[in-house]
Amino acid sequence: MKLVILVTGSPYSSQAPYSALQYCKAAIAAGHEIYRVFLYQDGIQLSNRLATPPQDEINIFNEWTDFIEANSIDAVTCIAAAARRGVIDQNEAERHNKDSYNIHSAFELSGLGQLVEANIQADRLITFGA
């Protein structure tokens, strides 16, 4: 089965990102395909490469990026939701005259069209939200 995973909950104020990651790991172990992970609303915080949780907590950011890279998952962060929350890539930083950017290279900034296209291509859309 081809799956799209939509994460809308913030990493440390919601269980959604952790639950989504555990679901993705189980789905791949069961032989399913993750077609795309799409971060929306506060879920976009998962793509912030500058997040630094305390050492005695699970680093959900590293867990997600390691998973994405190890499994060659297409991971998309909603550009509008990200820009509102200060998560941008190098192109957006230059376009808005910002001196730096903070999106992790495992994620691509794109629009909601990527979510619509993924939903068309996949068998199921699974949402993890706050």
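**Note on a predicted model**

1. N102 sits in the loop between α4 and β4. Helices here are DSSP runs of H or I of at least four residues, and strands are E runs of at least two, numbered from the N terminus. The model is predicted: local features need pLDDT of at least 70, side-chain atom pairs count only at pLDDT 80 or more, and totals for chains, interfaces and linings use all residues. Residues are numbered from 1 along each chain as its sequence is written, and side-chain values use heavy atoms, with hydrogens and water left out.

2. Is N102 buried or exposed? N102 counts as buried, at 10% relative accessibility. The cut-offs are under 20% relative accessible area for buried, over 50% for exposed, and partly exposed in between (1.4 Å probe, protein chains only).

3. The side chain of N102 has two partners to check. A polar contact of 3.5 Å links it to the side chain of N48. The N102 side chain also reaches the backbone nitrogen of I88, at 3.0 Å. A polar contact is a pair of N or O atoms within 3.5 Å; within protein, one must be able to donate a hydrogen and the other to accept it, and residues adjacent in sequence count only if both atoms are side-chain atoms. Not counting residues up to four places away in sequence, N102 touches S47, N48, R49, L50, G86, V87 and I88. Contact means heavy atoms within 4.5 Å.

4. Next, helix α2. It covers residues 60–71, 12 residues in all. From first C-alpha to last, α2 reaches 16 Å, close to the 16 Å expected at 1.5 Å a residue. That expected span is 1.5 Å times one less than the number of residues.

5. Which residues of α2 are buried? They are I60, F61, W64, T65, F67 and I68. Seen down the axis of α2, these buried residues fall within an arc of 160°, so they line one face of the helix. The arc is taken from the directions from the helix axis to the C-beta atoms. The buried residues of α2 pack against β1 (2–7), α1 (16–29), β2 (33–39) and β3 (75–78).

6. Strand β2 deserves a look. Six of its seven residues are buried, so β2 is largely enclosed by the rest of the structure. β2 runs parallel to β1, joined by six bridges. L3 has I34 of β2 as its bridge partner. β2 also runs parallel to β3, with three bridges between them. There, V37 stands opposite A75 of β3. Two strands pair if DSSP finds at least two bridges between them.

7. The connections follow. β1, α1 and β2 form a right-handed β-α-β unit. β2, α2 and β3 also make a right-handed β-α-β unit. Right-handed means that, with the strands pointing away from the viewer, the path from the first strand over the helix to the second runs clockwise.

8. Two backbone angles need checking. Most residues other than glycine have a negative phi. S72, not a glycine, has a positive phi of about 50°. S72 lies in the loop between α2 and β3 and counts as exposed at 67% relative accessibility. N97, also a residue other than glycine, has a positive phi near 55°. N97 is in the loop between α4 (90–95) and β4 (108–110). N97 is exposed, with a relative accessible area of 72%.

9. Last, D123. Its place is the loop between α5 (113–121) and β5 (124–128). D123 is partly exposed, at 47% relative accessible area. Leaving aside neighbours within four places in sequence, D123 is in contact with M1 and K2.
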